[in-house]
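Notebook open, model loaded. I want the overall build first, then a few strands and helices one by one.

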Amino acid sequence: MSGLIGASLPRTAISRLVRGQGRYTDDIAVPGMLHAAFFRSPYAHARVLKLDVSAARQCPGIVAVYTAADIATVCDGWRGVLARFASLRSPVQTPLAGDCVFYQGEPVAIVVAESRAEAEDALEHIVADWQELPAVISFADALKPDATVIHEEIGSNIAFEQEMGSAQALATIAAAEVVVEQTLHSGRQTGVTLEARSIVAIFEPKTETLTVYQSHQVPHQMQAHYADLLRLPMGRVRVICPDVGGAFGMKLHVYPDEVAVCAASRLLGRAVKYVADRLESFTSDAHAREHVITGRLALTRDGRMIGFAVDDLHGMGAYSIFPRGGPAEAMGATRMVGSPYRFEVFHGRVRCVFQNKTPAGQYRGVGHPVATALTELLVDQAARRLGVDRIELRRRNFVPCSSERWKSPADVVLFDMSHQACLDKLVAMMDYEALAESCAAMRKKGRLQGIGIASYVELTATGPEVYGRGQVPVSAIDSVSLRVDPSGEIVCHASVTDQGQGTATGVQQIIADRLGVPLSAVTVYTGDTASVPGGGGAWASRGAAIGGEAAYKAAERLRANILSMAAELLQLPSSALKLEAGAIVEIASGQPRMSLRQLAEIAYYRPHELPPDCHIELALTHQYRRTRDNFLPTNGVQAAHVEIDPGTGFVKLLSHWVVEDCGRVINPLLVDEQIRGGVVQGIGHALYECCRYSSEGQLTSATMADYLVPMAVEMPDIRISHVETPYAGSQLGAKGAGEAGTCAAAAAVLNAVNDALADYGRTVTSLPIMPEELLEIIHCSNDEKVPA
């Protein structure tokens, strides 16, 4: 690679040079716009015996109040089932609940008014009679023989169940010389995006067109869903996703309240706006990561791994989320257990359980953080059982670095792994041996310090087959349109979207590098289905690996067209020319022969100067589809250094290290900051974040005072380094990087806490780690303490 690729941009340049929509959805206003507010269920499970909205309709400023029956006249429901999960069951979900509600915060009626304040005031005048039903909250509640069945038409609270592997695998594990077992309890999380979910829907009755501004990751996907649900031709639906203030996978889904806003706009023929407040976000944004997952690791006495057995219970909430389905998190958490290591047998069991809770969906890492935490707990326990250094045990069992594809017994295809190199670099970065000795010395003095190590594999850049075989309308391709303007500047329209991770900057950088023009000469537009070509948007760490590759190939084609046209004008072979610094340069002399602007002016304004048979175009679209490898596996190792305050049980984060391999690094600054952001979210999983419910199904952590998130002052210095193993199946060689930090951060912190408690003979196995649990361990009776 040449030029800018591999270089970091100044922080100011990252936002200045990419000209997108330039604002957030919740800032958008149009003439005559109305505002929506939702009447939501106060109960987790209840029948709606009566719903009287007549008084609300008479309130000042009210334009309409709609219930499920009203919305059904213009909008259909959906079911979150997938062909690839044949046993998955889920009821029909509608924009507004009908005669029964299944989670606190489920929308029941929509009020549309001249102002948000008037809409919210009218909510107080809606009268509902409820018959509260037993709420199914815990796994025990859901699975007991006499459990309340949430969805009577389904007949069971188990929405999905699947086994992987054979009985022989279980027998092999049971007969091994050494078997260790752990059960990890992982609490629910949600995205807590800086920008809440927000939408403006504008239906034009004369043309029967719907324009939607939405804070979302996948505009083309939503265009297809809105057209289908609202019974409109797809060409009459336009979705615009402006700057998105954080998404993390949470803004991948179809949300009932957002569909209801579009339906209300169609019924009224006017623009309708809705912005979720923070309470609504906590109760209605997709949740994730609720698991009780048990794993067993079998080894020989000399420390060779034989196999893993995994049993996962996943809390899916009230519905299977649409369109990707609820089991994706559980399947990822189960299949990815043990993924950094070579082993012989695997058995997995997945059960996804309906609960009277907010539906759970895809969230940064999609099961990988849970799989990594369980795996690395087991590896550390095995090292203690065998009396082997934890670093050495990992080295003995890593999947070898090889370009040959290896399918693990869990059906995970791996290649180009670099765990050995990553671990070597990490050990050197942190001065592992000296730090381990220091922690041991500190513990003898009563300072509870520890180190945690966590290796991970992340499957990135999902290929077309994964969702295609499941008959799910999710695009795994991306497209880039390029043109040379008469000014010689390059305009790009890209299907990948930017949720704050800098994807558009990476695309801009790739194009500028390939075309030999200054970065400032490239303008990138994203997020508008009316102007950008079709594609997948932002998910699965695909920005560089798929969107970047589309940009690279588009720029290569445009470069060839430019040089061919210049060759006609200059009467030279195109192989004698190159593009450099915005000019066509003769390679032999190194002299510029004409500027790109001069060439473009001829093409647009004086085409008579071109030979009659010269039909070279300065505008094109390239669509990239990866034809092999369902996923691009990336890998790395993280380490955490912590200290536990024995008086409070609080965990202080002292240092954190990451060495990762995401293939070719396009922009080091963007990659490093994505990893840091992911690490911080992983630390939130480890120590702070949890959606807690009462036994009645009331969300008790529905404010920022109750749902804790990591703050800057609490975060450690996060040092990052890289090993680069470019992907051979693409020209760019990039893999995904956006979720790498999240995948192993919680595992590293969890192992560090357990290392700090090594003298107490107890293992913490719950996320987030609670201070009261640590205090109980620390202040147990002296005779229970294991001698150092």
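**Entry 1: the whole chain.** I'm working with a predicted model here. I counted elements to start with: the protein chain has 21 helices and 31 strands. Then I looked up its dimensions, and the C-alpha trace spans about 95 × 75 × 50 Å along the principal axes. For 788 residues a compact globule would come out near 28 Å in radius of gyration, and the chain has 28 Å, so the two agree. Of the 788 residues, 62% are buried. I also checked contacts between residues at least 6 apart in sequence: 80% of them join residues at least 24 apart.

**Entry 2: strand β1.** Why call β1 largely enclosed? I went through residues 34-40 and found 6 of the 7 buried, so the rest of the structure largely encloses this strand. Next I looked up its partners. With β13 (residues 271-275), β1 pairs in the parallel sense over 2 bridges, and His35 stands opposite Lys273 there. With β5 (residues 107-113) the pairing is antiparallel, over 6 bridges. In that pair I noted Phe38 opposite Ile110.

**Entry 3: helix α4.** Which residues of α4 (116-123) are buried? I get Ala119, Ala122 and Leu123. Looking down the axis of α4, I see the buried residues within an arc of 110°, so they line one face of the helix. I then asked what covers the buried residues of α4. The cover includes β1 and β5 from the previous entry, plus α2 (54-57) and β3 (62-66).

**Entry 4: a four-stranded sheet.** I moved on to an open sheet of 4 strands, in the order β20-β28-β29-β30, with mixed pairing. β20 (448-460) and β30 (717-722) are the edge strands; each has a single partner, so one side of each lacks a neighbour in the sheet. From one strand to the next, the twist averages 15°. I followed β29 (residues 651-661) into β30: they run parallel, joined by 6 bridges, and Val658 stands opposite Ile720. Helix α19 (residues 668-687) packs on this sheet, where I find it touching β28 (632-644), β29 and β30. The direction of α19 makes about 130° with that of β30.

Definitions and conventions. Residues are numbered from 1 along each chain as its sequence is written. This is a predicted model: local features need pLDDT of at least 70, side-chain atom pairs count only at pLDDT 80 or more; totals for chains, interfaces and linings use all residues. Side-chain values use heavy atoms; hydrogens and water are left out. Buried means under 20% relative accessible area, exposed over 50%, partly exposed in between (1.4 Å probe, protein chains only). Two strands pair if DSSP finds at least two bridges between them. Axes are lines fitted to C-alpha atoms, for helices over the stretch in contact, and angles run from 0 to 180 degrees between N-to-C directions. Contact means heavy atoms within 4.5 Å. The arc is that of the directions from the helix axis to the C-beta atoms. The radius of gyration is taken over C-alpha atoms; the globule rule is 2.2 Å times the number of residues to the power 0.38.
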